[in-house]
Amino acid sequence: MSNDAGGERGGQSATSGLDRRRFLQGAAGAGICSVAGIARVGSVAARTIGAGEEKWRREFGDNASPSPVADETLFVNSQNFGGTDSVSALRATTGEERWRFDIDDHSLFDSPIVSDGTVFVRTSGGVPDVYALDTTTGDKAWRIESPSEVIDSLEVVNGTVFLSGSSSDATASESMIHALDADTGEVIWQSRIDEIVASELSVVDGTLFVGSHNHVYAIDATSGTERWRFETIVKPREGIAGMTDSMTVMDGTLFVGAGDYAYALDVDTGDERWHFDAGDSLDTSPLVVDTTVFVGANEPYGKNGTVYALDAATGAEQWQFECDEGVGVLSAMADDTLVIGSRGGTIHALDAATGAEAWRFDAGDSVGHLLPGVDGTLFFVSKTVTEYETRERPGQDPSRIATDSVFRLSAVAGSTGEEEWHFESETGIFAPRVADGTVFVGGAAGTVYALEAGGADSSDDAGTDSSDDTATNADDDSPDDTATDGGNGSDDSTADDTSNESGEESPDPDENESLTDPADTEDNESNDTSTNAEDETPGLGIPAAVTSLGGVGYLLKRRLRGSETDDGAS
């Protein structure tokens with residue numbers, strides 16, 4: 001491992017969030033600046049701006065993934081295929097660039113993570129690097145080569161950077177957890193896991209929780225010593241139980257999804273308090289709201305699914321809701337409304353106490369990134385396929401493959417489901433960020449837009465959406481800068497590539513497609529059972545962080561990142 005403290009390129013002035021997702025290699029949208037690394041900004045002439053209307057835009061390159069807003073600054077990872085990737089700090093109100101830092105030798109991965117005056121980014125390709133940049137100037141504080149060949153997850157908590165990593169060898173059967181000093185990049189400790197990590201890292205009250213395919217581990221966040229491990233149930237048909245992206249901690253209980261089961265474990269001992277058998281694979285991370293745990297399970301190939309409401313203390317089923325298009329994403333509104341984004345593109349709003357359906361909205365062919373706003377508005381990303389190609393398959397029915405799609409960021413009234421406005425793009429849209437009455441959105445065309453949110457002061461603090469993001473701490477009352485979907489990106493990278501192609505006529509698991517794909521072919525169709533590559537999920541280079549149907553579980557009003565980091569989570 002090498003430490004490089006030299007200064008690259010800084011600027012004048014400047015939040016956390018990890019999604020594991022690869023940037024899709026889609027074509028850049030027209031009008032993008034042809035010079036790699038150079039951004040162009042435009043703004044709307046002085047006038048009254050209505051809900052959903054553009055305030056400003058900035059064009060980067062091929063992919064642009066923003067972080068939550070911190071100190072009136074939006075940090076953006078931009079990927080330029082064949083050119084130089086960069087991290088930029090933009091003034092949130094105008095889009096003015098405060099500074100830019102170029103990454104010359106690697107591709108950026110995910111959205112930036114911001115904590116305590118530092119921006120953390122990671123790269124992919126070759127030996128990945130982790131960079132720490134000053135939020136105000138863009139100057140490099142440190143850079144290290146990752147101790148592992150592949151970084152599966154990265155979290156920043158209380159002055160420590162936690163990494164989970166593994167070998168790029170497909171036959172690898174172990175992972176490493178690394179703890180680095182956030183100020184210097186120096187390794188504090190390393191811990192070996194005898195299995196491949198399959199979930200995000202979650203740090204709560206001095207304990208790091210992580211899941212493999214068959215176990216949940218609790219590790220002392222200060223020393224790296226294993227405190228306990230819990231073996232999950234593996235059914236004969238599964239081989240491995242698998243693990244949903246994230247875990248949730250509330251009132252001394254760790255809520256986990258693995259295989260067909262939801263578990264409640266004692267955070268101190270790992271003892272099981274209860275488990276619930278859904279009968280089918282859990283494809284959403286546990287979503288905990290007050291005293292209820294919500295999970296979504298799907299039949300093979302995700303064609304039909306069920307959402308279960310469980311008593312958090314006992315695991316007893318309170319109600320269930322059948323979702324004939326499969327469960328993709330779960331979220332919750334502040335008015336005790338549970339929102340389901342189906343894999344077939346329908347949004348269902350249910351009474352969280354009874355499971356009664358209040359309204360439904362046809363969003364298109366797939367939907368992801370459900371993000372509640374403080375004023376009762378629900379934001380989400382959706383995809384509608386506009387053209388298909390029929391392909392013959394020997395011995396099977398013909399399949400339809402999407403060849404052209406339209407992507408939308410929509411705002412609907414949470415109480416009625418009526419659409420307030422929508423924004424369209426011909427290329428994939430990544431996870432939106434909401435702050436101070438503005439919705440910020442990036443995508444596969446390399447442009448970041450600032451749109452008027454409408455209503456009263458919507459912000460990321462109001463709701464959680466996926467992704468982005470990791471386990472949540474139910475005991476945390478601090479504001480959360482990120483939104484997270486209660487969906488499961490199989491890997492967090494996973495993550496954002498979990499959407500299914502609603503137009504697929506046959507139950508072929510290889511025919512799933514990502515919301516971020518501008519044009520889907522057999523070569524880029526994703527499998528909805530994959531997990532975050534990290535994820536998942538919602539980022540640059542691999543943006544799963546963007547439009548994945550499977551997201552990250554979270555706890556309404558309180559999340560791990562909000563409680564453990566100073567500047568919020570992504």
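Accessible areas here come from the Shrake-Rupley method with a 1.4 Å probe, and for residues only the protein chains shown count as cover. On that basis the accessible surface of the chain comes to about 18,600 Å², and carbon and sulfur atoms account for 43% of that surface. Before going further, please keep in mind that this is a predicted model, in which local features need pLDDT of at least 70 and side-chain atom pairs count only at pLDDT 80 or more, while totals for chains, interfaces and linings use all residues. Residues are numbered from 1 along each chain as its sequence is written, and side-chain values use heavy atoms, with hydrogens and water left out.

The chain has two helices and 39 strands, where helices (H or I, at least four residues) and strands (E, at least two) are DSSP runs numbered from the N terminus. Of its 570 residues, 65% are buried; buried means under 20% relative accessible area, exposed means over 50%, and partly exposed is what lies in between, with a 1.4 Å probe and protein chains only.

Let me turn to the interior. In soluble globular proteins, nonpolar side chains tend to be buried together. A nonpolar core, as used here, is a set of buried Ala, Val, Leu, Ile, Met, Phe, Trp, Tyr and Cys residues joined through side-chain atoms within 4.5 Å. The largest such core has 17 residues, and those that touch the most other members are Phe-209, Val-216, Trp-228, Leu-254, Val-256, Tyr-263 and Leu-265. Two or more residues of this core come from each of strand 17 (215-220), strand 18 (226-231), strand 20 (253-258) and strand 21 (261-266). If we take contact to mean heavy atoms within 4.5 Å, and leave out residues up to four places away in sequence, Trp-228 touches, among others, Phe-209, Val-216, Leu-254 and Leu-265, and also a run from Asp-266 through Val-267, Asp-268 and Thr-269 to Gly-270.

Next, the aromatic rings. Rings of Phe, Tyr and Trp (its six-membered ring) pair if their centres lie within 6.5 Å, with planes under 30 degrees apart counted as stacked, over 60 as edge-to-face and the rest as tilted. How many aromatic pairs does a search of the whole structure find? The search finds 14, and one of them is the edge-to-face pair of Phe-361 and Phe-380, at 5.7 Å centre to centre with 65° between the planes. Phe-361 lies in strand 31 (residues 357-362) and Phe-380 in strand 33 (residues 377-393), so this pair ties together parts that are 19 residues apart in sequence. Phe-361 counts as buried at 15% relative accessibility, and Phe-380 is buried with a relative accessible area of 0%. Elsewhere, ring pairs link Phe-230, Tyr-261 and Tyr-263 into a cluster.

Staying with strand 31, which also holds Asp-362, we find that Asp-362 is exposed, with a relative accessible area of 60%. Its side chain reaches the backbone nitrogen of Gly-364 at 3.3 Å, a polar contact being a pair of N or O atoms within 3.5 Å, where within protein one must be able to donate a hydrogen and the other to accept it, and where residues adjacent in sequence count only if both atoms are side-chain atoms. In strand 33 we find Thr-377, which is buried at 2% relative accessible area and whose side chain makes a polar contact with the side chain of Glu-420 at 3.3 Å.

Finally, the loops. Glu-72, in the loop between strand 3 (63-66) and strand 4 (73-79), has a positive phi near 60° although it is a residue other than glycine, and Glu-72 is exposed, with a relative accessible area of 55%. Asp-290, in the loop between strand 24 (287-289) and strand 25 (292-298), likewise has a positive phi, near 55°, and counts as partly exposed at 45% relative accessibility.
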